[in-house]
Structures are given as structure tokens and as C-alpha cells.
Amino acid sequence: MAQAPARAASAVRLFDAHCHLQDPRVAAVAPALIRAAAASGVARFAVNGTSEKDWHLVQQMAEDHPAVVPCFGLHPWWVPERSPDWMNSLRRFFAETPEAAVGEIGLDKGSHGKTIDFGEQVEVFQRQLELAKELERPVSVHCVRAFGDLLEVLKQTGPFPAGVLLHSYMGSSEMVSGLSNLGCYFSLSGFLIGMKSTKAKKMLKSIPLDRILLETDAPDALPRLDNVAVSPVPVHSSDADTEKRHIDSESQAANASNESLNHPENIHIVLNYVASLLEMPESELAELSYKNATKLFSYPGSKVQPEAEGI
């Protein structure tokens, strides 16, 4: 049986439902980021691979850190770089790593995504959704300016009994019901702060309480709020120049400074913001989102099991 992670001294426990600690900008300091976040109450980290080049890094990180839930997937931005053998390779990683979930996969019509053939994006997305269903694993989905297309593909391929995590959800409140009926969860990140607060509040209140998740998308989606201090990432700027950035926002900046990098500990800022819009105590939202994430990520073979988490 999976062992429950140590409870931190923090008043709340949190589950970072989507992040990228294998990203070359922060990989060297990932152990320190995990320790600091754990001390603040973050008990679990779902770390998502994005291409064939980083699946082995996610696999190793999960072996080194009991709190890391590994996820393997081909992100739409890296569809053009896939090898002819990409699907067989992906299957091998799941065979070697039975505790892994699927992700990050998806559709993108944003500033970068629109430069990538959308038909290829859809084909790669559908094949990975079918794999997730076959493996009976939850799947973490990226969607930028393509929610109509996403809903159509999910209807064609679904339903998804193991669940679909819509990461950094920024869709409309009107989309929530249809997506929820297909097995979707709605994961909220620092990007939400960029949405008009009245629209964000309407969207949040439309999400069923048993489908709300919290995430950081670290090292991206740094939550920026006036008078709120963020936890810095201790990385030399040269680290950002050494490898091509694997990013999950629409920013096209070539080299981010350390000040723009996100840290899993900053999930507390997301918690505070979402709780304020939902008019809910932070402790209640923290426990609710933790239970939801535990339910989503507790599949056969997973490190995460409700009994071990005290749920």
C-alpha cells in the first residue's frame, strides 16, 4: 500500500495537480523546490512530461521523490518534433512506470499553437486520449483557444471514467457542464488572475465542487497579485539559455529571468485567490481540492491511494 506523505506543519495540505519540475529552467533545483513546497503543505506534485526528450527526466524524478506523480504525454507544441516511433516509445514508458498518468496532451490555437498543423494536433491528441482510456489512467489536457474543438474531440472519444484534468482552465462558464459530463476536472492556476475577475468568479461558481483542482504549472503561470509576495526560484539565468524552453503559456520570450519563474510553493497564492472568488475558507478549498486530486490520481498502480492519504 502507498505510504502517505508526511504532513507538513502547514495548516493546510495541497496537491499541485499539474507542474513541470523537469523543465530545464528549474530541473537542477527541483529537489529544493519540492522540499520547500512540502514544508508549506504541498504533499503531492503531478509532474507532466511534454515530449520524447523529457519523459525519462520525469520518470527519474518520480523514482527519486515519493511525492511526485509522473505523467507522460506529447504536448501539441512538440507535435512537429515527434519521431516516427513516438507512440511505441510512449507505451514503453507506461509499461516501465505503472504509477504514471497521461499528460500533458491537448490542442492549441494560441500564438504558438496556430503555427502547428491543427489536423496533426487533433490526430496526436486523439491517439493519446485512446491510450488513456485503454490504460484506465487520468489524462492532463492543455487547451488554448480551442475549447469548441476540444469538446467535440472529447465527445467523439469519451466518456472518460478515469477522468480528464483540464489544466489551467480558462474556458467559459457555459462550457463547464458539457465538459463535466464527460468526466472533466477543472484545474486552476495563476493564469486565472489574468482573467477579468467577474468572468472568473462566474466560471468558478459553475464548477461542481467535486471537480475543482489547484495547480501551479511551475515554472510557468507565476501568480502576480499586488502586495502578494511570491516564492522565488533560486536558478541562475544562464540555466534558461542552455536548452530550448518547454513552456506551457503563450509567452514567446526567449529567455525568462529568474523573477518570472514559478515555484510550487506559490500554489498558496492560487488557493487564496480562488477561495476569495468562491467566498470559501481557504482551509475548506485546500482540503476539497486535495481530496478531488487524490480521487483523480488514485488508479490501479498509482502512488496515490485514498486510504493512505487519510481520505
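Trainee: Helices here are DSSP runs of H or I with at least four residues, strands are runs of E with at least two, and both are numbered from the N terminus. Where does that put proline 159?

Mentor: Proline 159 sits in the loop between α5 and β6. Keep in mind that this is a predicted model.

Trainee: Noted. What kind of peptide bond joins glycine 158 and proline 159?

Mentor: A cis one, with omega at about 5 degrees. Another cis bond runs from glycine 103 to glutamate 104, where omega is near 15 degrees. Glutamate 104 belongs to strand β4.

Trainee: OK, over to β5. Is that strand mostly covered or mostly open?

Mentor: Mostly covered: 6 of the 6 residues in β5, which spans 139-144, are buried.

Trainee: Which residues point which way from β5?

Mentor: Val139, Val141 and Cys143 go one way, while Ser140, His142 and Val144 go the other. Both sets are buried.

Trainee: How many bridges join β4 to β5?

Mentor: There are 6, and the two strands run parallel. β4 covers residues 101-108.

Trainee: What happens in the loops on either side of β5, say at glutamate 136?

Mentor: Glutamate 136 lies in the loop between α4 and β5. Its phi is near 60 degrees, a positive value in a residue other than glycine.

Trainee: And where is arginine 145?

Mentor: In the loop between β5 and α5. Arginine 145 also has a positive phi, about 55 degrees, although it is not a glycine.

Trainee: New topic. Which residues does the UniProt "binding site" annotation cover?

Mentor: His18, His20, Glu104 and Asp217, according to the UniProt entry, which is unreviewed. They span 200 residues in sequence, but no two of their C-alpha atoms are more than 10.9 Å apart, so they gather at one spot.

Trainee: Where's histidine 20, and is it buried or exposed?

Mentor: Histidine 20 is in the loop between β1 (14-19) and α1 (30-39). Its relative accessibility is 3%, and buried means under 20%, so histidine 20 counts as buried.

Trainee: What joins the side chains of histidine 20 and histidine 18?

Mentor: A polar contact of 3.1 Å.

Trainee: Last one: where's aspartate 217, and is it buried or exposed?

Mentor: Aspartate 217 is in the loop between β8 (212-214) and α8 (239-242). Aspartate 217 is buried, at a relative accessible area of 0%.

Conventions:
Residues numbered from 1 in each chain as written. Predicted model: local features only at pLDDT ≥ 70, side-chain atom pairs only at ≥ 80, totals over all residues. Heavy atoms only, no water. Buried < 20%, exposed > 50% of the residue type's maximum accessible area, 1.4 Å probe, protein only. Pairing = 2+ DSSP bridges. UniProt positions renumbered as here; feature names shortened; annotations may be inferred. Polar contact = N/O pair within 3.5 Å; in protein donor to acceptor, adjacent residues only side chain to side chain.
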